[in-house]
Amino acid sequence: MLQIIIFILLLSLALNYITYDSGLFQDFDWFGSSGFACMNSFTKTSTITFSGQFENTPQVITTLEFIDLTTASTQLEFQITSITKQTFSVMAYCGFNRVTTIQIRWFAIDDQRIEVFNNFNMINPDDKTFQIKNRNAQSGFVVMTSIHYIGPIDFLLSMSQITMQQVTVSITKVAGKFTNLKQIGYQLIVAVDEAFVNLGLQSVTGAFNSGILPIQPNRWFAIAIQGFNYSNSKNIRVKAIFTNTPTTISYTWGTWYDIETPNTHSQIWIAYQFVNSYKALECFTIRTSRKYIQDLTNLPKFSLKFDIVNQIYNTIGNYNYILDKSITPFIMSIEIKCQADMKIQAEFNKCNACNTQKFHVFKYNCFNQMNYVGFFPKFKQAFQQYNHLKINMQETSLEIIQVLYDQKIIEQTIVKIELFTQ
């Protein structure tokens with residue numbers, strides 16, 4: 001009875017996990033929050049509590065919606081110092097002149113279709129390349145998080161290149177001004193195409209009004225500041241003032257004393273719920289063959305070939321292969337030594353949505369007149385995607401596992417062949 005109660009409690013907790021959350025953090029404000037006298041090597045750390053508990057440690061994205069930095073020169077450092085399933089902590093440091101306000105909009109999400117790269121407080125700013133885990137993360141954006149300058153600056157952060165394996169963030173280097181930029185911090189967010197609706201760069205030189213923007217369902221709206229063209233004569237001042245209705249959103253940059261600082265920012269709708277779910281390759285047809293080979297001595301136990309790309313594996317080991325999304329159907333050739341004292345069981349993923357009969361299953365007993373077995377499956381994909389395959393080839397088994405970056409990382413077997421002693 002006690003075990004049943006514990007199971008019900010655990011199930012209840014699991015069903016109550018959140019997968020996304022957001023909020024506005026306003027504690028780093030000279031006037032509105034006690035204890036934020038941010039100047040002369042001042043540091044403050046604060047902890048934000050999520051509205052519920054995540055099942056896994058989420059990724060956190062931050063954007064600046066209100067900043068007021070002192071004229072002439074300022075050193076602001078900001079970073080996320082820790083993330084748990086219930087909270088995350090942020091730290092601000094001000095090296096010398098006063099930072100009056102940094103107001104942060106944050107978004108937390110537990111979904112592997114989005115990947116966040118943190119490059120906080122980069123001294124000697126320059127271009128930087130990051131390695132992507134999810135090969136289907138083919139779109140993204142950059143958002144500034146901190147800055148240290150000593151004079152006029154003019155720069156733009158941008159995601160300049162993205163491939164199947166890596167992404168590069170570039171920063172413009174305007175002669176006579178770039179040397180005044182001593183540090184820059186930013187987050188790079190990459191994801192599958194569905195994750196972002198990017199309304200484009202907005203270059204602000206005077207009074208700015210976004211106009212009316214229709215609300216995108218199941219998405220957050222984010223303002224991603226990417227650069228400043230700052231003359232060093234006034235404070236850096238940017239403040240988003242929103243006017244919302246149930247179906248629309250709009251904002252202006254607020255002004256005080258002077259107009260807002262010339263800046264470049266992107267308007268991004270970020271998905272927190274997705275329509276497309278990534279599925280494993282399905283074997284829609286398969287040809288088999290059995291034959292006799294007189295001398296098996298120099299043949300490998302298993303020979304695996306990806307036909308169109310002519311990729312061959314025939315030695316024991318663990319391998320990774322990224323199948324290009326343009327290759328469809330995906331055709332394999334698998335040949336196996338099937339000596340007289342052995343039998344073969346082979347399974348090929350047939351149907352992701354089926355509750356039963358999910359695999360094509362073959363069972364063969366080996367004998368002298370039929371000592372070499374071949375399987376020639378063809379696979380299809382639900383929609384175009386890069387396919388990460390893990391190949392595990394051993395003395396008596398071959399397994400091909402597909403790694404799927406969906407809400408969770410899923411490893412699903414699409415081919416499994418085993419040799420048994422009869």
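Which residue forms a salt bridge with Arg113, and how far apart are the closest N and O atoms? I will come back to that in a moment, after a word on what we are looking at.

This is a predicted model, in which local features need pLDDT of at least 70 and side-chain atom pairs count only at pLDDT 80 or more, while totals for chains, interfaces and linings use all residues. Residues are numbered from 1 along each chain as its sequence is written, and side-chain values use heavy atoms, with hydrogens and water left out.

Now to the opening question. The partner of Arg113 is Asp406, and the closest N and O atoms of the two are 3.7 Å apart; the term salt bridge is used here for a side-chain nitrogen of Lys or Arg within 4 Å of a carboxyl oxygen of Asp or Glu. Asp406 sits in the loop between β28 (397-405) and β29 (409-421), and Arg113 in the loop between β6 (99-109) and β7 (114-123), so the pair ties together parts that are 293 residues apart in sequence. The strand names come from DSSP runs, numbered from the N terminus, where a strand (E) has at least two residues and a helix (H or I) at least four. Both Asp406 and Arg113 are buried, and by buried I mean under 20% relative accessible area, with exposed meaning over 50% and partly exposed in between, for a 1.4 Å probe and protein chains only. Salt bridges that share partners also bring in Asp111, which is joined with Arg113 and Asp406 into one network.

Glu395 belongs to the loop between β27 (387-393) and β28, and Lys301 to the loop between β19 and β20 (302-306), so the pair ties together parts that are 94 residues apart in sequence. Glu395 is partly exposed, with a relative accessible area of 45%.

Let me turn to the disulfides. In general, a disulfide is a covalent bond between the sulfur atoms of two cysteines, and the cut-off used here is a pair of cysteine sulfur atoms within 2.5 Å. A search of the whole structure finds three disulfides, and, counting bonded cysteines along the chain, they follow the pattern 1-2, 3-6, 4-5.

Cys38 is joined to Cys94, with 1.7 Å from S to S, and this link is right-handed, with 85° about the S-S bond. Cys38 lies in the loop between β1 (20-25) and β2 (42-49), whereas Cys94 lies in strand β5 (residues 87-94), so parts that are 56 residues apart in sequence are tied together. Cys38 is buried at a relative accessible area of 0%, and Cys94 counts as buried at 0% as well.

Cys338 is joined to Cys366 at 1.5 Å, S to S, and here the link is left-handed, with -80° about the S-S bond. Both of these cysteines, Cys338 and Cys366, are buried.

Cys351 and Cys354 form a disulfide with their sulfur atoms 2.0 Å apart. Cys351 is buried, at 16% relative accessible area, whereas Cys354 is partly exposed, at 27%. Cys283 is in no disulfide, and the nearest cysteine sulfur, that of Cys351, is 12 Å away.

Finally, the strands. In what order do the strands of the open sheet of five run? The order is β19-β26-β23-β20-β21, with antiparallel pairing, where two strands pair if DSSP finds at least two bridges between them. The edge strands, each pairing on one side only, are β19 (282-291) and β21 (311-313). Within this sheet, six bridges join β23 (residues 330-337) to β26 (residues 372-380), and Glu335 has Gly374 as its bridge partner in β26.
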